[in-house]
Amino acid sequence: MFRAALLLTTLLLAACGAKKTAPVASGDAAPVAESIDGAKLPTDANSKSFAEKLIKHDAKDFKPTDAAGAGFIYRSVDFKADNTWWAAAEMSADGETIDCKEQGTWEMDPAEDDHTAEMTWKLDRTTCAGRPDAATMRLKVGIDKGEYRIVFR
């Protein structure tokens, strides 16, 4: 029953509105050299170094919620220099998995050091059934050797 309702909700969301495609980071792709020029971020050296790491490396397998119900995980989050992010996500329930996408914007406070900063991620759009259309996450993000450590604030 739950599986059928989740599938129906997903199909209805996919059918609504104009179709727009959004680039999503590939989990197997090598980091792409992208400049932070044009990004809105603090001007200190640590913040610039952190932003370069943020844009160079995708976050992998991050669970932005621990709410009861269906499982939800960002398989890959790709941060862009225009202060946007795109996520390939996955919802699971009753042994079934459905792929979906989310996108939003990011901001950062001045970095504590060249690999740690507090950030705000704003969710602007989702194709994931049961997820809010808009939400804000306040996080402390560490990036060391391309690996992310993310803690809710």
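User: Which residues of H2 are buried?

Analyst: The buried residues of H2 are Ser-47, Ser-49, Phe-50, Ala-51, Leu-54 and Ile-55. Buried means under 20% relative accessible area, exposed over 50% and partly exposed in between, with a 1.4 Å probe and protein chains only. Helices (H or I, at least four residues) and strands (E, at least two) are DSSP runs, numbered from the N terminus.

User: Before we go on, what sort of model is this?

Analyst: The model is predicted: local features need pLDDT of at least 70, side-chain atom pairs count only at pLDDT 80 or more, and totals for chains, interfaces and linings use all residues. Residues are numbered from 1 along each chain as its sequence is written, and side-chain values use heavy atoms, with hydrogens and water left out.

User: What covers the buried residues of H2?

Analyst: The cover includes strands S2 (71-79), S4 (96-108), S5 (116-126), S6 (135-144) and S7 (147-152).

User: And what caps the N-terminal end of H2?

Analyst: Asp-44 does, with a side-chain oxygen 3.3 Å from the backbone nitrogen of Asn-46.

User: Turning to the rings, how many aromatic pairs are there in the whole structure?

Analyst: The search finds eight. Rings of Phe, Tyr and Trp (its six-membered ring) pair if their centres lie within 6.5 Å; planes under 30 degrees apart count as stacked, over 60 as edge-to-face and the rest as tilted. One of the pairs, Phe-79 with Tyr-148, is stacked, at 6.3 Å centre to centre and 20° between the planes. This pair links distant parts of the chain, with Phe-79 in strand S2 and Tyr-148 in strand S7, 69 residues apart. Both Phe-79 and Tyr-148 are buried.

User: Why is the pair of Trp-85 and Trp-121 called tilted?

Analyst: The ring centres of Trp-85 and Trp-121 are 6.2 Å apart and the planes are at 45°, so the pair is tilted. Trp-85 lies in strand S3 (residues 84-93) and Trp-121 in strand S5, 36 residues apart. Trp-85 is buried, at 0% relative accessible area, and Trp-121 is buried at 0% relative accessibility.

User: Now the cysteines: which ones does a disulfide join?

Analyst: Cys-100 is joined to Cys-128, S to S 2.0 Å; a disulfide is a pair of cysteine sulfur atoms within 2.5 Å. Cys-100 lies in strand S4 and Cys-128 in the loop between S5 and S6, so the pair ties together parts 28 residues apart in sequence.

User: Are those two cysteines buried or exposed?

Analyst: Cys-100 and Cys-128 are both buried.

Terms used:
Contact means heavy atoms within 4.5 Å. A polar contact is a pair of N or O atoms within 3.5 Å; within protein, one must be able to donate a hydrogen and the other to accept it, and residues adjacent in sequence count only if both atoms are side-chain atoms.
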